[in-house]
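Reader: I have not looked at this structure before. Please take me through it in questions and answers.

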Amino acid sequence: MNLIVVPHNVTLTKAIEDHLVGKIKKLEHLNSFATNIRVVLEHDQTKAVERQFACSIRVSLPGPDLFAEDVEGDLYAAMDLVSKKIEQQLRKRQSKYKARKHKVGTTRKRNRLEKGI
């Protein structure tokens with residue numbers, strides 16, 4: 001898995017990088033098929049104080065990619081919330097996949113029970 005961090009008007013310190021890598025490791029644990037994760041960190045001083053920091057994550061997977069973005073007044077809060085959004089998308093995708101696999105078995109079982117086999 002490749003991790004690409006793109007800072008815009010943000011100094012990428014060791015603390016920011018460690019926090020980000022910790023969040024990405026949690027996402028990697030949920031889905032090991034991720035090939036690329038691209039994180040964009042932005043700081044825009046022209047916006048209001050509570051909307052100055054933006055963080056967006058794009059996860060490349062087999063099938064459609066996942067994307068989430070959040071804007072906050074604190075960079076760490078933006079990273080936390082965007083990783084939570086991506087985590088929810090990964091869980092939803094995985095549960096849909098599992099439900100689709102189990103749907104065939106349950107319809108067959110229901111048909112056998114109706115026929116009395």
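**Contacts, core and helix**

Author: Leaving aside neighbours within four places in sequence, Val59 is in contact with Ala34, Asn36, Ile37, Asp65, Leu66 and Ile86. The model is a predicted one.

Reader: Which residues have the most contacts inside the largest nonpolar core?

Author: The largest nonpolar core holds 23 residues. The residues with the most contacts inside this core are Val39, Ile57, Val59 and Ile86.

Reader: Which element supplies the largest share of this core?

Author: At least two residues of the core come from each of α1 (14–30), β2 (36–43), β3 (53–60), β4 and α2 (75–115). The largest share is six residues, and the element that supplies it is α2.

Reader: What arc do the buried residues of α1 cover around the axis?

Author: In α1, the buried residues are Ile16, Leu20, Ile24, Leu27 and Leu30. An α-helix has 3.6 residues a turn, so residues three or four places apart point the same way.

Reader: Which exposed residues does the face of α1 turned away from its buried side carry?

Author: Exposed stands for a relative accessible area over 50%. On the face of α1 turned away from the buried side, the exposed residues are Lys14, Lys25 and His29.

Reader: What is the phi of Asn9?

Author: Asn9 is in the loop between β1 and α1, and counts as exposed at 69% relative accessibility. Most residues other than glycine have a negative phi. Asn9 is not a glycine, yet its phi is positive, at about 60°.

Reader: Is Glu69 buried, partly exposed or exposed?

Author: Glu69 is found in strand β4 (residues 66–72). Not counting residues up to four places away in sequence, Glu69 touches Cys55, Ser56, Val82 and Lys85. Its relative accessible area is 42%, so Glu69 is partly exposed.

Reader: How many Å apart in space are Glu69 and Ser83?

Author: In sequence, Glu69 and Ser83 are 14 residues apart. In space, from C-alpha to C-alpha, the distance between Glu69 and Ser83 is 9.0 Å.

Key: Residues are numbered from 1 along each chain as its sequence is written. This is a predicted model: local features need pLDDT of at least 70, side-chain atom pairs count only at pLDDT 80 or more; totals for chains, interfaces and linings use all residues. Side-chain values use heavy atoms; hydrogens and water are left out. Helices (H or I, at least four residues) and strands (E, at least two) are DSSP runs, numbered from the N terminus. Buried means under 20% relative accessible area, exposed over 50%, partly exposed in between (1.4 Å probe, protein chains only). Contact means heavy atoms within 4.5 Å. A nonpolar core is a set of buried Ala, Val, Leu, Ile, Met, Phe, Trp, Tyr and Cys residues joined through side-chain atoms within 4.5 Å.
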